[in-house]
Amino acid sequence: MPVTELTMEQDLKLRRLDDLLPEADKEDIITLLMALQHQNFCLCNTVSNLVNHWPNHPNTTPVDT
């Protein structure tokens with residue numbers, strides 16, 4: 001099950017970003033967005049790879065048909 005709740009430290013970092021972003025330079029925001037998108041693609045590819053290579057074990061208990 002995915003964990004969607006943030007830790008207190010993560011919540012504080014998000015609040016700090018929220019406070020600083022309105023004053024940030026446009027080029028810095030673009031750089032940040034591109035880096036985050038790259039990390040997101042890498043994470044998606046990694047999760048897909050793990051799911052595709054997950055071993056299929058036979059059932060250990062009988063299954064009703």
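A residue counts as buried under 20% relative accessible area, as exposed over 50%, and as partly exposed in between. Keep these cut-offs at hand for the tour of this predicted model.

**Whole chain.** Along its principal axes the trace spans about 60 × 25 × 20 Å. The radius of gyration is 20 Å, whereas a compact globule of 65 residues would have one near 11 Å. Colour by secondary structure next: the protein has two helices and zero strands. Buried residues make up 0% of the chain.

**Charges.** Select the charged side chains. A search of the whole structure gives two salt bridges.

**First salt bridge.** Select Glu 9 and Lys 13. Their side chains form a salt bridge at 3.5 Å, N to O. The two residues are four apart in helix H1, so about one helical turn separates them. Lys 13 has 52% relative accessibility and therefore counts as exposed. Glu 9, with a relative accessible area of 53%, is exposed as well.

Move to Arg 15 and Asp 19. Here the side chains meet at 3.1 Å, N to O, in a salt bridge. Both residues belong to helix H1 and are four residues apart, about one turn of the helix. Arg 15 counts as exposed because its relative accessibility is 53%, over the 50% cut-off. Asp 19 is at 41% and so counts as partly exposed.

**Nonpolar patch.** Select Leu 6, Leu 14, Leu 17, Leu 21, Ile 29, Leu 32 and Leu 36. These residues form a nonpolar patch on the surface, with about 580 Å² of accessible area together. Helix H1 (8–20) and helix H2 (26–52) are the elements that each give two or more residues to the patch. H2 gives the most, with three residues. For a closer look at one member, pick Leu 14, which is in helix H1. Leu 14 is partly exposed because its relative accessibility is 48%.

**Last stop.** Select Leu 20, also placed in helix H1. Its relative accessible area is 39%, so Leu 20 is partly exposed. Leu 20 and Pro 58 are 38 residues apart along the chain, and their C-alpha atoms are separated by 53 Å.

How values were computed. Residues are numbered from 1 along each chain as its sequence is written. This is a predicted model: local features need pLDDT of at least 70, side-chain atom pairs count only at pLDDT 80 or more; totals for chains, interfaces and linings use all residues. Side-chain values use heavy atoms; hydrogens and water are left out. The radius of gyration is taken over C-alpha atoms; the globule rule is 2.2 Å times the number of residues to the power 0.38. Buried means under 20% relative accessible area, exposed over 50%, partly exposed in between (1.4 Å probe, protein chains only). Patches are made of residues with over 30% relative accessible area and no salt bridge: like charges are joined within 9 Å, nonpolar side chains (Val, Leu, Ile, Met, Phe, Trp, Tyr) within 5 Å. Accessible areas come from the Shrake-Rupley method with a 1.4 Å probe; for residues, only the protein chains shown count as cover. A salt bridge is a side-chain nitrogen of Lys or Arg within 4 Å of a carboxyl oxygen of Asp or Glu.
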